[in-house]
Amino acid sequence: MVWTVVTPKGNKSDIMPEFSPTRYDSMPYRRCGRSGLMLPPISLGAWETFGGYRGEDVARACMYRAFDLGITHFDLANNYGLPPGNAESICGRVFKDMPRDELIISTKAGYRMWPGPYGEWGSKKYLIASLDQSLKRLGVDYVDIFYSHRPDPDTPLEETLGALDQIVRSGKALYAGVSNYPGKMFVESMALVDRERWAPIIIHQPRYNLLERTIESDLLDHTDRHGCGVIAFSPLAQGMLTDKYLNGIPPDSRAALWWKESTKYSQLIPKAADIMRSLNDIAQARGQTLAQMALAWILRDARITSALIGASRVEQIEENVKALQNTIFSAEELKKIDAITL
Ligand SMILES: NC(=O)c1ccc[n+]([C@@H]2O[C@H](COP(=O)([O-])OP(=O)(O)OC[C@H]3O[C@@H](n4cnc5c(N)ncnc54)[C@H](OP(=O)(O)O)[C@@H]3O)[C@@H](O)[C@H]2O)c1
């Protein structure tokens, strides 16, 4: 990425990035289900990093580098960052200096965002108000994908999915998606949307990684049958499926900076040490880092459209994108991985 000083006549000078002309040459984009949308097999999310324990400088450097490498998709949610919304504000400032028509920007609503009965879950009141707030923070007229972030046990599914339809028809989002919906609810959602001829749900965003494989039995057959794309979040188990925790918790890691001692993941790190080391041995034998193998393993399955990573440093994105050089696994490797992770 090259920085160029542009001084349009009569305007104050601006620093405008000039992105790599080869950025589309090697990224093998995948179709998102049966929709028209192509996504990069590795996408970048902002959750706890950008506007959380990493600032705008890191966000900008990572997003620019990602884009130069062909990563066109950036994922947000209303509540990401600290305070909630900060990730959208920070990424919005970066998006201003990027070519909007080449970007797929997503956001979501579902978790607590403001006080009172209209500040979370899946009512039409909350989803529509939240997206309006997100658009302001992001500084865009529309997002490409808007998600219902989590299932709401109390709001009728008709209301939540009807709100997504209204949002797409209003032009504030181009596509609708759901996240964290279990298989049965996903199937009900698809039937409802089909029956009502609502805007199709083209993408599901579940958690999926070597340590969390529930969707293999619960969801993937359904998404495949319905022609719905899948973007797997936390594909590196928040960093545990990298070599960073193999010998304890480094001071600059998410675990040290962000997780409380009591959180599930902090406790998991020592417990998962043997699993991580065994997986690391397989990765090394494949000529990959553990992070690369964890991503390649997700993308071995053609039903997955994209692995949605987070990053704290440009070098992590560069390392992770190299996972795409080998996403084929032998039966023997898969058997060994299953023996460790199932
Ligand atoms: N829909 C949902 O409910 C939901 C929930 C969670 C996340 N998400 C989405 O998924 C995105 C990714 O989630 P995530 O951040 O948990 O993803 P992840 O890719 O599993 O973990 C990202 C973290 O792993 C570490 N890392 C990444 N690459 C590395 C490498 N090559 N070597 C060493 N460490 C590496 C970094 O942590 P360090 O800071 O420690 O270096 C990075 O911040 C989020 O930003 C969000 O968009 C969605």
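Pro270 sits in helix H9 (residues 264–271); helices here are DSSP runs of H or I with at least four residues, strands are E runs of at least two, and both are numbered from the N terminus. Pro270 counts as exposed because its relative accessible area is 58% (exposed means over 50%, buried under 20%, partly exposed in between, with a 1.4 Å probe and protein chains only). Its C-alpha atom is 7.6 Å from that of Gly248, 22 residues away along the chain.

A quick word on the source: this is a predicted model, where local features need pLDDT of at least 70, side-chain atom pairs count only at pLDDT 80 or more, and totals for chains, interfaces and linings use all residues. Residues are numbered from 1 along each chain as its sequence is written, and side-chain values use heavy atoms, leaving out hydrogens and water.

Now the barrel: eight strands close up in the order S5-S6-S7-S8-S9-S10-S11-S12, with parallel pairing (a pair needs at least two DSSP bridges). From one strand to the next, the twist averages 30°. S10 and S11 pair over two bridges, with His204 partnering Val230 of S11.

On to H3, which lies across S7 and S8 and runs at about 140° to S7. It also packs on H4 at about 30°, with the axes 9 Å apart (axes are lines fitted to C-alpha atoms, for helices over the stretch in contact, and angles run from 0 to 180 degrees between N-to-C directions).

| Element | Residues |
|---|---|
| Helix H3 | residues 124–138 |
| Helix H4 | residues 157–170 |
| Strand S10 | residues 201–205 |
| Strand S11 | residues 229–233 |

Conventions:
Contact means heavy atoms within 4.5 Å.
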